[in-house]
Amino acid sequence: MLSIKNLQVELEEEDKQILKGIDLEIGEGEVHAIMGPNGSGKSTTSYVLAGKAGYKVTAGSAELYGNDLLDMNPEERAAAGLFLAFQYPVEIPGVGNMTFLRTAVNAQRKARGEDELSAGQFLKIVREKAKSLKIDADMLKRPVNVGFSGGEKKRNEILQMAMLEPKMCVLDETDSGLDVDAMKLVAEGVNALRDGKRSFLVITHYQRLLDHIKPDVVHIMANGRIIKSGGPELALEVEENGYADILAEVA
Amino acid sequence: MAIIHPKLSGAANLVANYPMPYGAKWANDIRTNAITAFNAQGAPHKRDEYWRYTDPSELTVVPTKPAALFSNDESPMFDLVDCIRIVFVDGIIDTDRSDDLSLIGASIEMLSDVTSTDIHWAKDLYGKLESNGQNPVHRPLAALNTAVAGHGLVIHVTSKCDKPLAINYVHNSETSDVMLHHIIKIDEGAEFTLLESGAGAARFNSVIEVDVSDDAEFHHVRTQGRDHERKTVTHLFGRLGHRSIFRSFTMTMNGILTRNDAVLEFTGDDAKATVAGACAGDGNNFHHDDTVFVTHDSINCESRQVFKKVLRNGATGVFQGKILVKADAQKTDGYQISQGLLLDENSNFLAKPELEIYADDVACSHGSTVGAIDEDALFYLASRGVPRKQAQDMLVLAFLAEAIEEIDNNDLANDIRDRLTAWMEHG
Amino acid sequence: MTDMIAKDGVEAETVAAVKSLSGKYKYGFSTDVEIEYAPLGLNEDIVRLISDKNEEPEWMLEWRLQAFERWKQMKEPEWAMVDYPKINFQDIYYYARPKSMSEEKPKSLDDVDPKLLETYAKLGIPLKEQALLAGVEAPEGERKVAVDAVFDSVSVGTTFQKELKQAGVIFMSISEALKEHPELVKKYIGSVVPQSDNFYATLNSAVFSDGSFVYIPEGVKCPMELSTYFRINAENTGQFERTLIIAEKGSSVSYLEGCTAPQRDVAQLHAAVVELVILEDAEIKYSTVQNWYPGDENGKGGIYNFVTKRADCRGDRAKVMWTQVETGSAVTWKYPSCILRGDYSQGEFYSIAIANNMQQADTGTKMIHLGKNTKSRIVSKGISAGKAQNTYRGLVSMHPKASNARNYTQCDSLLIGDKCGAHTVPYIEVKNNTARVEHEATTSKVDDDQLFYCRQRGMDEEEAVALVVNGFCKEVLQALPMEFAMEAQALVAISLEGSVG
């Protein structure tokens with residue numbers, strides 16, 4: 001479903017190459033993890049897939065179900081089924097969380113030629129999904145992410161994921177800033193969305209999130225490249241020995 | 001009989017009052033242009049928008065009213081700082097009380113000497129920043145100064161100076177009416193610190209033009225004398241080159257009328273400027289006005305305006321500040337805060353903090369608050385045994401602290417704090 | 001909970017509105033009715049003619065003539081940050097009314113020229129006495145809005161007069177009030193905005209042709225929302241309306257006004273005066289959605305909107321709330337003000353000013369605190385896009401006797417695009433130490449991260465901007481009555497069309 005080939009990316013403002021040729025194939029229903037030290041290009045990968053400004057793709061391609069992602073606007077990518085759970089979800093003062101969600105859901109439905117949800121239908125679904133993520137009515141009322149704790153922000157991201165029902169979910173350091181309980185809650189939310197068809201790309205610095213969201217494939221990324229791929233055992237290896245050994249081994 | 005507009009008749013009186021000094025041709029040309037500009041503008045008037053909160057008549061009446069001399073036992077300002085000292089008495093340098101005009105990293109000359117020299121670099125700076133600063137707001141008293149000031153210092157800073165230059169302005173005659181004009185050129189990468197203190201004269205009008213080249217730094221700390229009857233108008237014009245730094249702090253106590261204009265223009269990218277002031281005013285004769293105009297015309301610059309005024313017994317404090325961001329001055333970070341603390345019911349705080357912004361990628365903000373001292377805090381201190389007067393002084397100092405913190409030299413900042421404490425004791 | 005959905009749902013409607021309304025200015029049509037004009041230009045005869053057409057008492061004419069004499073001595077104000085070609089005051093028609101409204105005035109709305117009724121129907125303003133503004137669902141079903149419709153120089157009709165009369169409320173055009181309640185008009189007109197207040201107010205005093213008059217007797221809560229809908233239709237015509245609202249002790253009223261004009265190439269002048277008199281314990285809520293034709297994207301045409309609005313809180317605990325959504329007009333010059341005379345009186349000002357394309361807005365408020373324990377609050381949200389210039393200008397003045405007075409001001413500007421300007425010119429004057437003033441202002445551009453976040457969730461750029469801007473304005477939108485809040489939200493989005501990309 002997601003097919004990335006030789007993806008090379010530079011920063012737009014300075015002459016600096018961040019991604020030096022990424023290849024990644026994620027099949028339907030698969031969960032892949034990307035691990036790697038800070039500055040290896042993990043977050044950049046997620047931003048480039050979602051279409052954040054400031055990056056220049058100099059070579060390669062990224063396709064979702066055969067559609068060229070790199071040729072689309074961010075919202076078109078979202079409508080095509082790509083969802084990014086941000087590492088630092090943005091605060092939007094004055095915009096109610098509910099309004100935001102409903103606007104997003106209906107925009108995507110519209111883009112896909114589906115009928116918009118009525119206020120009633122929408123409310124019913126949101127309440128159901130919010131409940132399982134322990135998001136209370138108050139959080140839904142407040143402005144988007146404003147005054148949310150770290151855990152609340154991440155749960156809110158997962159709620160959006162649940163509401164938008166994407167095909168391909170990219171989770172960027174979703175575990176950062178979370179304690180164990182919050183992480184479990186988030187992981188349960190993600191696991192509940194695993195239905196055999198939806199795919200996931202979990203970007204993380206630590207192995208601990210992968211205890212809760214079991215990956216099929218683990219990739220190690222360093223210096224803008226995927227330097228090693230393997231099964232879940234690779235994550236454990238990192239946990240035990242750090243990145244140094246793998247880096248040395250590849251070098 | 002023809003009716004002469006009060007602004008223009010005031011202008012004519014003033015011009016007649018100050019003879020234009022003799023100088024070389026270039027100096028004569030500059031002064032003649034300045035007098036033409038001044039005559040066209042006329043004398044400032046309280047109907048002018050930028051004098052709406054301050055009546056300038058004390059600054060324009062001819063002759064000036066006498067001002068009693070102030071003396072106290074305190075040690076002179078900046079006496080603990082290792083610096084070169086220059087003393088002006090009623091506008092004339094007192095060579096006996098001044099150090100030699102030699103400072104490592106800079107050359108210092110007298111304006112009167114320079115303007116009678118046929119060829120001098122000063123011809124490209126004298127009056128230049130002042131005349132640039134006449135738009136969009138007229139500053140007639142600065143134009144007049146350029147035209148008629150015969151004395152001042154001409155400083156060329158070529159590298160990092162090893163010590164500050166401290167100028168002390170002594171007020172010695174009850175009727176002195178003085179204009180001084182300094183120009184300071186700071187070369188690339190050079191650094192200079194100017195300290196100023198004293199009342200200067202019964203009526204004192206100063207212009208300082210500072211050209212800060214790329215990567216250069218200018219630091220300025222000023223205290224305005226405690227003479228209760230003095231009248232002061234100052235103009236600080238600054239131009240900032242790439243990556244330059246400009247920091248100015250002024251403390252004002254007493255005086256009938258003080259008007260401090262600061263006019264800064266960013267012409268280079270990535271530069272930073274701060275203009276700050278702490279003012280403590282006492283009595284209904286006290287009137288203090290800070291008028292600041294910062295123009296951003298380059299990219300990624302940062303400007304701060306921080307002004308705090310404590311006012312009691314009918315004193316009046318004024319702040320007029322403007323941040324102008326021109327269309328191409330993207331990534332500007334402009335900040336402005338003005339706060340008044342009114343210690344009794346007769347005091348006034350008047351403010352007009354403006355933003356005028358033509359570039360979109362900017363973060364500009366201003367805040368202004370006015371209020372009385374926090375009774376809860378006073379009570380809390382009292383309940384811990386601090387007498388009311390002392391508690392109030394503590395809170396006043398705490399209030400002024402944000403402005404004083406803009407001084408990056410700790411010794412100077414402490415000196416300022418001590419003198420404020422003394423002011424609260426003795427006035 | 002249902003309430004929350006209703007409010008939140010509004011923004012989704014906004015976004016839908018953006019999509020459905022592809023035309024730029026929805027109210028730009030003109031109505032083809034026969035118009036009767038006064039001769040072009042302004043002189044004493046014109047002033048007499050207007051007074052005569054309205055069959056006014058002699059004192060009113062004298063008052064007008066006095067104003068006209070003063071006006072001739074006055075100069076146009078130049079201090080605002082707006083720039084427009086000099087107005088030729090002799091090249092304007094000062095009086096225009098549909099022929100059908102002349103001579104024999106229609107006795108009831110049923111007799112009004114169907115073309116005029118159609119105009120208001122097209123604008124979404126019901127002149128039939130139905131409960132609601134068109135297309136808007138009221139939350140609790142039964143809310144009624146009484147409408148006074150002003151077309152060019154005259155009032156076309158006022159709805160629900162009977163029902164209001166029962167409650168003791170007087171709501172009629174000011175020309176009618178001059179006939180039916182001259183003593184009330186005489187007592188209050190010019191008492192808040194003096195005849196010689198400023199150039200445009202003085203002009204208005206001389207040539208105002210109509211407007212609304214509201215009188216709420218002691219202790220009466222007005223049983224429904226009152227509204228006036230202003231429509232400029234005739235070409236080359238100035239509209240000079242005068243509104244006077246009096247709230248007696250302990251009474252309250254919520255009043256709305258809306259304004260639109262046809263799309264024309266030549267700029268037109270609108271110079272109104274609004275006076276509010278608020279006595280002890282009374283309350284007036286005054287909301288405006290100003291959507292005069294803004295001119296085209298090159299600055300051609302549009303309304304010059306020079307308006308003087310002032311509320312006088314004469315009694316203790318009197319309260320006034322101004323809410324304005326200013327999206328239209330080529331040039332706006334408007335400072336709805338509050339004189340807080342009574343002790344414990346309160347003034348509030350909530351404003352959204354949007355300037356797009358070549359529009360210029362210089363708007364804000366004055367809060368004059370005279371009484372003890374008076375309170376005021378200013379929330380201003382300015383949005384600049386295109387090549388527009390948008391200025392907030394305001395005064396907070398604490399007089400020596402205003403002990404314990406309070407003001408809080410929040411003044412935010414948002415820039416969309418790099419060709420526009422946003423300016424803030426506040427005046428703060430404090431002469432009482434127990435008074436407290438807090439003023440905050442910020443200027444920034446639309447946050448790219450917020451836009452990207454919205455777009456990642458599937459919204460297109462215009463939707464994202466509309467959403468973020470509506471969030472930016474939220475506090476003010478919430479201050480509007482429900483019926484207007486929705487209209488205003490949609491308007492915010494429409495006004496910014498074409499501002500991105």
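This is a predicted model: local features need pLDDT of at least 70, side-chain atom pairs count only at pLDDT 80 or more; totals for chains, interfaces and linings use all residues.
The interface of chain B and chain C was examined at the outset. Chain B contributes 34 residues to this contact and chain C contributes 30 residues. The two chains bury about 2,500 Å² between them, and carbon and sulfur atoms account for 51% of that area. On the side of chain B, Tyr358(B), Asp360(B) and Val370(B) provide 21% of the area buried against chain C, more than any other three residues. No salt bridge is counted between chain B and chain C, whereas 15 residue pairs, both at pLDDT 80 or more, are in polar contact across this interface. Two elements of chain B, strand 19 (348-357) and strand 20 (363-371), each give two or more residues to the side that touches chain C. Strand 19 of chain B supplies the largest share of that side, with ten residues. When sorted by class, the side of chain B that touches chain C comprises 16 nonpolar, nine polar and nine charged residues.

Strand pairing also links the two chains. Strand 20 of chain B is paired with strand 24 (residues 436-445) of chain C in the antiparallel sense, over eight bridges. Within this pairing, Gly367(B) has Glu440(C) of strand 24 as its bridge partner.

The interface of chain C and chain A involves 27 residues of chain C and 37 residues of chain A. About 2,700 Å² is buried between these chains, with 66% given by carbon and sulfur atoms. In chain C, the residues that lose the most area to chain A are Phe452(C), Tyr453(C) and Arg457(C), which together make up 29% of what that side buries. Three salt bridges are found across the interface of chain C and chain A. In a salt bridge between these chains, the side chains of Glu75(A) and Arg455(C) meet at 2.7 Å, N to O. Polar contacts across the interface of chain C and chain A amount to twelve residue pairs, both at pLDDT 80 or more. The elements of chain C that give two or more residues to the side touching chain A are helix 1 (2-20), helix 9 (448-456) and helix 10 (461-477). Helix 1 of chain C gives the largest share of that side, eight residues. By class, the side of chain C that touches chain A holds twelve nonpolar, five polar and ten charged residues.

Within chain B, strand 3 (residues 102-103) and strand 4 pair in the antiparallel sense over two bridges, and Leu103(B) is bridged to Ala106(B) of strand 4. These two strands form a hairpin with two residues between them, and Gly105(B) in the turn has a positive phi of about 100°. Strand 4 of chain B is also joined by five bridges to strand 5 (residues 153-157) of chain B, the two running antiparallel; here Val154(B) of strand 5 is the bridge partner of Glu109(B). In a regular strand, side chains alternate between the two faces of the sheet.

Arg139(B) lies in the loop between helix 5 (128-132) and helix 6 (140-148) of chain B. Because its relative accessible area is 4%, under the 20% cut-off, Arg139(B) is classed as buried. The side chain of Arg139(B) reaches the backbone oxygen of Gly133(B) at 2.9 Å. Beyond its neighbours within four places in sequence, Arg139(B) is in contact with residues including Gln41(B), Phe237(B), Asp261(B) and Phe293(B).

Note on methods: Residues are numbered from 1 along each chain as its sequence is written. Chains are lettered from A and ligands numbered from 1 in the order in which they are written. Side-chain values use heavy atoms; hydrogens and water are left out. Helices (H or I, at least four residues) and strands (E, at least two) are DSSP runs, numbered from the N terminus. Buried means under 20% relative accessible area, exposed over 50%, partly exposed in between (1.4 Å probe, protein chains only). A polar contact is a pair of N or O atoms within 3.5 Å; within protein, one must be able to donate a hydrogen and the other to accept it, and residues adjacent in sequence count only if both atoms are side-chain atoms. Contact means heavy atoms within 4.5 Å. Buried area is the accessible area (1.4 Å probe) that two parts lose on being put together, summed over both. A salt bridge is a side-chain nitrogen of Lys or Arg within 4 Å of a carboxyl oxygen of Asp or Glu. Ala, Val, Leu, Ile, Met, Phe, Trp, Tyr, Cys and Pro count as nonpolar, Asp, Glu, Lys and Arg as charged, and the others, Gly among them, as polar. Two strands pair if DSSP finds at least two bridges between them.
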